[in-house]
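Subject: A structure to look through

Dear colleague,

I am handing over a structure for you to look through, and below it I have set out what was found. Please keep it open beside you while you read.

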Amino acid sequence: VSRDTVAKAIGISAGTFKSYYYGEKFPKQEKLQKIANYFKVPVDSFFTPEDPIIKRGEMIKFYQQMKN
């Protein structure tokens, strides 16, 4: 699945999703929930146990895992 497909499905621009993907911006709760729903995973899969915020690059790793 492409980033453009995910972005369109959750109602954001491809540029916005790209900024999430690269850790430049972090999605608000509503968008984070939409991403989790799209991939059928819990929201907390985006977080690490040590840090309650999305770490830079975590979206990249998550997205790559979901693509495979």
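A residue is called buried when its relative accessible area is under 20%, exposed when that area is over 50%, and partly exposed in between, with a 1.4 Å probe and protein chains only. Helices (H or I, at least four residues) and strands (E, at least two) are DSSP runs, numbered from the N terminus. Please bear in mind that this is a predicted model, in which local features need pLDDT of at least 70 and side-chain atom pairs count only at pLDDT 80 or more, while totals for chains, interfaces and linings use all residues. Residues are numbered from 1 along each chain as its sequence is written, and side-chain values use heavy atoms, with hydrogens and water left out.

The protein has 4 helices and 0 strands, so that, read from the N terminus, its elements run α-α-α-α. Of its 68 residues, 37% count as buried.

In helix H2, which covers residues 14-21, the buried residues are Phe17, Ser19, Tyr20 and Tyr21. Ser19 counts as buried because its relative accessibility is 5%, and, leaving aside neighbours within four places in sequence, Ser19 is in contact (heavy atoms within 4.5 Å) with Glu24 and Lys25. After H2 comes Gly23, whose phi is positive, near 75°.

Phe26 lies in the loop between H2 and H3, and with a relative accessible area of 44% Phe26 is partly exposed. Between Phe26 and Thr16 there are 9.5 Å in space, C-alpha to C-alpha, although the two are 10 residues apart in sequence.

How do H1 and H3 pack, and at what angle? Helix H1 (residues 3-10) and helix H3 (residues 29-39) pack at about 120°, with their axes 10 Å apart, where axes are lines fitted to C-alpha atoms, for helices over the stretch in contact, and angles run from 0 to 180 degrees between N-to-C directions. That angle makes H1 oblique to H3, because angles under 35 degrees count as roughly parallel, over 145 as roughly antiparallel, 65 to 115 as roughly perpendicular and the rest as oblique. In this contact Thr5, Val6, Ala9 and Ile10 of H1 meet Lys31, Lys34, Ile35, Tyr38 and Phe39 of H3. These residues divide into 6 nonpolar, 1 polar and 2 charged, where Ala, Val, Leu, Ile, Met, Phe, Trp, Tyr, Cys and Pro count as nonpolar, Asp, Glu, Lys and Arg as charged, and the others, Gly among them, as polar.
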